[in-house]
Amino acid sequence: MEFFNDVGTDPLKPSLFELIAQEQLRDLLQPALKYVLAVFAQRYPRYLLRIVNRHEEFYATIMLLVERHYLRKHNASFSENFYGLKRRRRPYIETDRAKEAVGGIPLGEALRGQEIWRSLLFLVGVPYLRAKAHDYYEELGGGVNSDVMDDGLDAHQVRVLTDESIKGKLRRGFKIVYPWLNMTFEVWLLVWNVAYLFDQTPFYRPWLRWIGVDLRRLGVEDFRAASLAAQKKLSPARKLNLMAKIRRLLLTSPRLLLDSLRLLLPTAIFFIKFLEWWYSPGSPARSLSSSPLGPAIPPPKILPPHPQGIPFDKTAYGMCPICHGSINNATALPSGYVFCYRCAYDHVEKHAKCPVTLLPARVWQLRKVLV
């Protein structure tokens, strides 16, 4: 369906699907980084646990540096540059020369400081605020099914719902209004996407008009200019001595690192997705581990009932040992025996032990069994 945006005399106008693809890449970066940090934080909690707890702030700081570098050097965000796009300072009057250009950044179209900081506001600031708002909404119990919780709501959420102070009322108001605001925002973006698809507007996002830029494809002249710039940097470096080359390398290493993210970050994302697939329940790793080539690990033996515990009938499958009825909302204790959730909760809360084996147990150790 790319013909929607290729009709006409502007071959450098990107299609809507290219723009959505680069946004999806940008949306994958944060969960990928959080997953990596969470894995390493289990081994080095002293150094990384605080970063994981403040992940939104950490990610926003990192992306502020990365996006600022790419906007200043490539006139594009990280994901836009990855998909061969650039931001152009839109002229007040669109001339034929600008419409028929096949690349390059003509004089007066490069991003200035004003466009760069406005772009950073919507590339980093707005996603950060939306992520914090969503986290706060979930903290208040929004979007969480009470069936997956032991008693529906925890103590903090109960206080929020029953607090009659001004702060409590504002929290409840935010919990009610947030889903509607989020839905309105998404519908607003959808309307602009449809308008861009049918050439009703040159901006696929409404804030690009306020920033004063539009998105273009990289052309032949862009790649030619990048190649010439790289050759100019290499020619003086050949005449330098060893110490000067080392000093030059140290000074340019941060920029080289940021430029290398164009390949490193997407590769890391694909590698993480591969690991998630490899270790998923239906992956080849599971089938190889259960193949006849290696010995199968036997299941652990069930703990025998205690003589002073309640009697347990092994033949009464699906029956709760406490109430002697069908198990409702199956819940397992650390001993491995399964009961009704309400029966297990009441008994453990009162006696702090398994009713069959008399082993110590706590309420927080109850685990629901998905049948």
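Visitor: Before we start, what does contact mean here?
Guide: Contact means heavy atoms within 4.5 Å. This is a predicted model, where local features need pLDDT of at least 70, side-chain atom pairs count only at pLDDT 80 or more, and totals for chains, interfaces and linings use all residues. Residues are numbered from 1 along each chain as its sequence is written, and side-chain values use heavy atoms, with hydrogens and water left out.

Visitor: OK, what does Tyr204 touch?
Guide: Leaving out residues up to four places away in sequence, Tyr204 touches Leu19, Gln22, Glu23, Trp192, Asn193, Tyr196 and Leu215.

Visitor: And which residues touch the most other members of the largest nonpolar core?
Guide: Leu19, Leu71, Tyr204, Leu208 and Leu215 do, in a core of 27 residues. A nonpolar core is a set of buried Ala, Val, Leu, Ile, Met, Phe, Trp, Tyr and Cys residues joined through side-chain atoms within 4.5 Å. Buried means under 20% relative accessible area, exposed is over 50%, and partly exposed is in between (1.4 Å probe, protein chains only).

Visitor: Which elements each supply at least two residues of this core?
Guide: They are α2 (16–43), α4 (55–74), α7 (113–139), α9 (166–197), α10 (207–211) and β2 (213–217). The largest share, six residues, comes from α4. Helices (H or I, at least four residues) and strands (E, at least two) are DSSP runs, numbered from the N terminus.

Visitor: What's in the second core?
Guide: That separate core has 14 residues, including Tyr337, Cys343, Tyr345 and Val356.

Visitor: Cysteines, then. How many disulfides?
Guide: The count comes to zero, where a disulfide is a pair of cysteine sulfur atoms within 2.5 Å. Take Cys320: its nearest cysteine sulfur is that of Cys323, 3.8 Å away.

Visitor: Are Cys320 and Cys343 buried or exposed?
Guide: Cys320 is buried at 1% relative accessibility, and Cys343 is buried at 18%.

Visitor: What does UniProt put on residues 320–357?
Guide: The unreviewed entry annotates that range as "domain: RING-type". UniProt positions are given in the numbering used here, feature names are shortened, and annotations may be inferred rather than shown by experiment. In the model, the end C-alpha atoms of residues 320–357 lie 15 Å apart, and the span is 29% helix and 16% strand.

Visitor: What about Asn329?
Guide: Asn329 is not a glycine either, and has a positive phi of about 60°. Asn329 sits in the loop between α13 (284–289) and β3 (330–332), and is partly exposed at 38%.

Visitor: Where is Gly219?
Guide: Gly219 is in the loop between β2 and α11 (220–238), and is buried at 6% relative accessibility. Its C-alpha is 9.9 Å from that of Lys86, 133 residues apart along the chain.

Visitor: Last one: where does pLDDT stay under 50?
Guide: Residues 96–104 are one such stretch, with 21 contacts beyond four places in sequence in the model. Residues 145–152 are another, with 10 such contacts. The chain averages a pLDDT of 76, and 67% of the residues score at least 70; pLDDT is the predictor's confidence in each residue, from 0 to 100.
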